[in-house]
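Q: I have this one open and have not looked at it before. Can we walk through it?
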Amino acid sequence: MQTSLLGIEAIFFDIDGTLSDSDDQIIEEIVRRMHFLHFLWKDSHLRKFARSSISLAMTFFNSTYHVVDSLGLDNFFAKAFPHKHAQNKDDFEKDFNLIDGVEKMIAILYRHYRLGIVSARSESGVLHFLQQFSLEKYFDVVVAAQTCYYTKPFPHPLLYAAEQVKVLPEKCLMVGDTIVDILAGKAAGMKTIGVLSGFGTLKELRRAAADFILISPAELVTLLNQNFG
Ligand SMILES: [Mg+2]
């Protein structure tokens with residue numbers, strides 16, 4: 001183990017692409033809507049195209065969002081158009097799927113660590129996800145898009161979560177599927193784990209210098225097992 005996770009006392013999770021495979025649901029929806037191109041491309045090609053397009057769009061969005069966020073404009077938009085935001089999120093909150101092994105992983109880690117959610121979703125979206133799978137009881141802190149003034153990749157939501165569970169940032173671990181999660185974790189002085197169950201690619205997560213990269217979040221139990229096993 002190149003970086004020790006021995007002193008870890010708290011673990012914070014992103015939701016989309018990390019605990020929920022909502023990213024895959026987005027891809028499937030795009031493939032469904034692009035079905036008129038079926039005569040040109042097979043579904044597998046459409047899926048590949050959709051995934052790389054979204055990955056590119058997200059990289060652009062993240063860098064743009066960084067500017068928007070640093071100016072505090074996202075909060076302005078959220079407050080100026082609350083109905084639009086609410087409607088979009090309600091549409092998006094219908095069907096969550098849990099990534100295989102996540103429920104068991106959370107139930108095990110809960111016995112050894114303080115756990116938290118740090119998501120860019122609305123508070124209602126996060127609660128909807130937790131309630132759908134009865135996961136609320138496992139999390140000591142829940143940070144949603146509007147909890148802090150700045151969102152990921154800024155460290156603020158993570159530092160807020162650490163403060164709430166009363167654990168020093170260097171004893172916290174951030175788990176997420178995109179570079180935004182890794183950058184936020186590093187900026188907060190935390191250990192980071194990238195998971196390949198979402199939009200982030202191995203190349204991107206490596207470039208962001210995640211301390212560990214796992215195929216699936218369920219592998220966390222094995223990785224941390226030597227700490228509590
Ligand atoms: Mg994510």
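A: Start with S197: its side chain reaches the backbone oxygen of G17 at 2.8 Å. That is a polar contact, a pair of N or O atoms within 3.5 Å; within protein, one must be able to donate a hydrogen and the other to accept it, and residues adjacent in sequence count only if both atoms are side-chain atoms. This is a predicted model, where local features need pLDDT of at least 70 and side-chain atom pairs count only at pLDDT 80 or more, while totals for chains, interfaces and linings use all residues. Residues are numbered from 1 along each chain as its sequence is written, and side-chain values use heavy atoms, with hydrogens and water left out.

Q: Where does S197 lie?
A: In the loop between strand 5 (191-195) and helix 9 (202-207). Helices (H or I, at least four residues) and strands (E, at least two) are DSSP runs, numbered from the N terminus.

Q: Is S197 buried or exposed?
A: Buried, at 17% relative accessibility. Buried means under 20% relative accessible area, exposed over 50%, and partly exposed in between (1.4 Å probe, protein chains only).

Q: And what does S197 touch?
A: Leaving out residues up to four places away in sequence, S197 touches G17, T18, I99, I215 and P217. Contact here means heavy atoms within 4.5 Å.

Q: Why is strand 5 largely enclosed?
A: Because four of its five residues are buried, strand 5 is largely enclosed by the rest of the structure.

Q: Which strands pair with strand 5?
A: Strand 4 pairs with strand 5 in the parallel sense over four bridges, and M174 stands opposite T192 in strand 5. Strands count as paired if DSSP finds at least two bridges between them.

Q: What do strand 5, helix 9 and strand 6 make?
A: A right-handed β-α-β unit. Right-handed means that, with the strands pointing away from the viewer, the path from the first strand over the helix to the second runs clockwise.

Q: New topic. What coordinates the magnesium ion?
A: D14 (OD), D16 (O) and D177 (OD), at 2.1 to 2.2 Å. Donors are N, O and S atoms within 2.8 Å of the metal (3.2 Å for Na, K and Ca); water is not among the atoms, so sites may look incomplete.

Q: How are those donor residues spaced in sequence?
A: As D-x1-D-x160-D. D16, in the loop between strand 1 (10-13) and helix 1 (22-33), and D177, in the loop between strand 4 (172-176) and helix 8 (179-187), are 161 residues apart, so the pair links distant parts of the chain.

Q: Are D16 and D177 buried or exposed?
A: D16 is buried, with a relative accessible area of 18%. D177 is buried too, at 2%.

Q: What is there to say about D181?
A: D181 is in helix 8 and is buried, with a relative accessible area of 2%. A polar atom of its side chain lies 3.2 Å from the backbone nitrogen of D177. Leaving out residues up to four places away in sequence, D181 touches D14, K152, M174 and G176.

Q: Last one: how many disulfides?
A: Zero in the whole structure, where a disulfide is a pair of cysteine sulfur atoms within 2.5 Å. C148 is buried, with a relative accessible area of 11%, and C172 is buried at 0%.
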